Amino acid sequence: MQISIIFKALRASKIKTALIYLSLSVTLGSIFLITSISQGIISMYSNMLQNDGDIIVTQAKISDTFFSNVNISLLQKIKKIDGVKNISALIVGAAPVNTLPIVAIYGVSHNLFQKYQLIWGRYPKKGEVIVGQSIANRLGNSKSLTISDSAFRVSGVFQSSIGFENGGIIMPLQSAQKIFHKSASLFLINSNLNKKNTTLIKKIQAVSSKIDVKSTQSFLKHYNQFNIIKKSSFAISFIAFLMGLIAIGSIMSITVIQRKDEFGIMKALGISSKKIVSFVILEGVIIGLAAFVTAYLFSNLILILIKHTDTLQGYVNGTIDFWLVLSLFFTTLAITILGSLLPAYQALKIDPATLIQRGN
Amino acid sequence: MLHAENITHIYGNEEVLHNVSLSLKKSSLTAIIGESGSGKSTLLSILSTLLQPTSGVVSILETNIKNIQNIDTFRNNNIGFVFQFHYLINYLNVIDNITLAMNHKDNTYLKSLLIKLGIENIANKYPYEISGGQKQRVAIARALINKPKIIFADEPTGNLDSKNSKNVFDLFKNITQTEDVTVVVATHDLQNAQSANIIYEMNDGHISNYN
Ligand SMILES: Nc1ncnc2c1ncn2[C@@H]1O[C@H](COP(=O)(O)OP(=O)(O)O)[C@@H](O)[C@H]1O
Ligand SMILES: [Mg+2]
């Protein structure tokens, strides 16, 4: 029995093949998309914070950059600590801008300005902002903006590879303090010490009990918002996995019952159980691999479309990396093999003696 | 080459075979006749290893079939089947159907079989493209492809007209000599059964020699 027979069997039951192919494509496509988009959001935000400092200071017990509120007066104290090379304050917020309901706003201390690459103009002074390239386009490149009821002048447009920045607005810290009613969301610190900065972290922590000091890396690792994103993306993927499993299992077991005679004759002719089981499983795996390729191409297409959807302001972004492809490949094998096990077992259980006509 | 001793078979609580014993001679054509429901098919299933008897011993090629380690391989190597409903796989052409369980690569033998059975010019056709008589000849080729020692045929002519039925029996008679194979046919086609070397009659689960 050769592999070509499996392809003939698949072609013979076109509807079954198409149904399994479609449901697996949807399953794998949703896992591709949900995982790459949530990974994209996490890595964009991580990169943004990591680029600005290896130590992060947030409000004690508030492990969220949006809700954190740190007293700016602590900045001068921390700056004096040995090992602190550079410290900047940041307010992270979101506000309506002109007609757009929500735009990311960053209030930053002056020493952070130079990291934004200007396409034109200059860094903002009081009452001014610089605008990320993609949001500038969305706003029709207008020179004056209303951000949460206050008027601002656009002093320049910058470019960033990070979607949250390229789709955001940068203003001096003082302006953001007024809009968001806090002195700072967080401090980002560049230390002289490249690797082990635990002692430095302890020293900074000693400055006040109202702050939490962590390495940016460990902060991001335990960042609650990320965990929520990761967990929900995993839950959705897992549900998609189960749906795929149920789809392939039920469609295949129905067809195995319809193909009773076919498996019965195979058994009567002495084709081994191992071959019959692999026959059924390989049918599933072959459809699964076709669905895997389809889902990969389709998801990439959707991600490109998302990238070019202006209304998303560049905040949603995802790329399918090698590891995702690899793990989805094994997921495909798992779904198809697990999903075909029950149908394969049913095929095995068919009694070839039923082919002999009874009562004649 | 096949011995069955005191075969009894019970379905549920109905005993359908009572102490059936018989022996088959090498390279002979044996017919088992009898009315519908007399137990022919049950007996054939048991003799061909597809069904375990409630009691009794079946030995094929001097081996008690209970002691055969791998029954699938044993069937594949030694036993061929022809059923009333040919059970050809519809999505496979004639060649693929015949070679479905082929355990060797002797294509000259395959070719000679096609010619012998007069199906060489339909080799690439599909089961739904050929006649009933042709289908049964394809099924016989499938039964012969692994050069089995014994072929079991259950009502092989049940769906054929008299001309095709005669052809099938002639073919069975012929292959017992040319292929050196033992053939057992369960049938209620008394007329064609006459061409068999040995005829048994089943009557309500009892077996006896006919005539
Ligand atoms: N799987 C089965 N379960 C219960 N009874 C069966 C089964 N197969 C056959 N029988 C009964 O066994 C008897 C013999 O049937 P069978 O061997 O098919 O006879 P034949 O082939 O001579 O017509 C009949 O009474 C039939 O109803
Ligand atoms: Mg019968």
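Begin at the interface of chain B and chain A in this predicted model: select the 27 residues of chain B and the 28 residues of chain A that make up the contact. Between them, chain B and chain A bury about 2,500 Å², and carbon and sulfur atoms account for 61% of that area.

**Chain B side**

Next, select B:Tyr87, B:Tyr91 and B:Leu100. These residues contribute 28% of the area that chain B buries against chain A, more than any other three residues.

Then display the side chains of B:Asp96 and A:Lys8. A salt bridge joins B:Asp96 to A:Lys8, with 2.5 Å between the closest N and O atoms. Across the interface of chain B and chain A, the rule finds one salt bridge. Polar contacts may be displayed next: six residue pairs are in polar contact across this interface, counting pairs with both residues at pLDDT 80 or more.

Switch to a cartoon view of chain B and colour helix 1 (40-47) and helix 2 (71-78). These are the elements that give two or more residues to the side of chain B that touches chain A. Colouring that side by residue class gives twelve nonpolar, eight polar and seven charged residues.

**Domains of chain A**

Domain 1 takes in 2-45 + 226-358, and domain 2 takes in 61-209. The centres of domain 1 and domain 2 of chain A, taken over C-alpha atoms, are separated by 46 Å.

Now select the residues at which the two domains of chain A meet. Here eight residues of domain 1 are in contact with 13 residues of domain 2. The area buried between domain 1 and domain 2 of chain A is about 930 Å², with 59% of it given by carbon and sulfur atoms. Within domain 1 of chain A, select A:Tyr45, A:Gln313 and A:Tyr315, the residues that lose the most area to domain 2 of chain A; together they supply 65% of what the domain 1 side buries.

**Polar features between the domains**

Definitions and conventions:
Residues are numbered from 1 along each chain as its sequence is written. Chains are lettered from A and ligands numbered from 1 in the order in which they are written. This is a predicted model: local features need pLDDT of at least 70, side-chain atom pairs count only at pLDDT 80 or more; totals for chains, interfaces and linings use all residues. Side-chain values use heavy atoms; hydrogens and water are left out. Domain bounds come from an automatic or database domain assignment. Contact means heavy atoms within 4.5 Å. Buried area is the accessible area (1.4 Å probe) that two parts lose on being put together, summed over both. A salt bridge is a side-chain nitrogen of Lys or Arg within 4 Å of a carboxyl oxygen of Asp or Glu. A polar contact is a pair of N or O atoms within 3.5 Å; within protein, one must be able to donate a hydrogen and the other to accept it, and residues adjacent in sequence count only if both atoms are side-chain atoms. Helices (H or I, at least four residues) and strands (E, at least two) are DSSP runs, numbered from the N terminus. Ala, Val, Leu, Ile, Met, Phe, Trp, Tyr, Cys and Pro count as nonpolar, Asp, Glu, Lys and Arg as charged, and the others, Gly among them, as polar.
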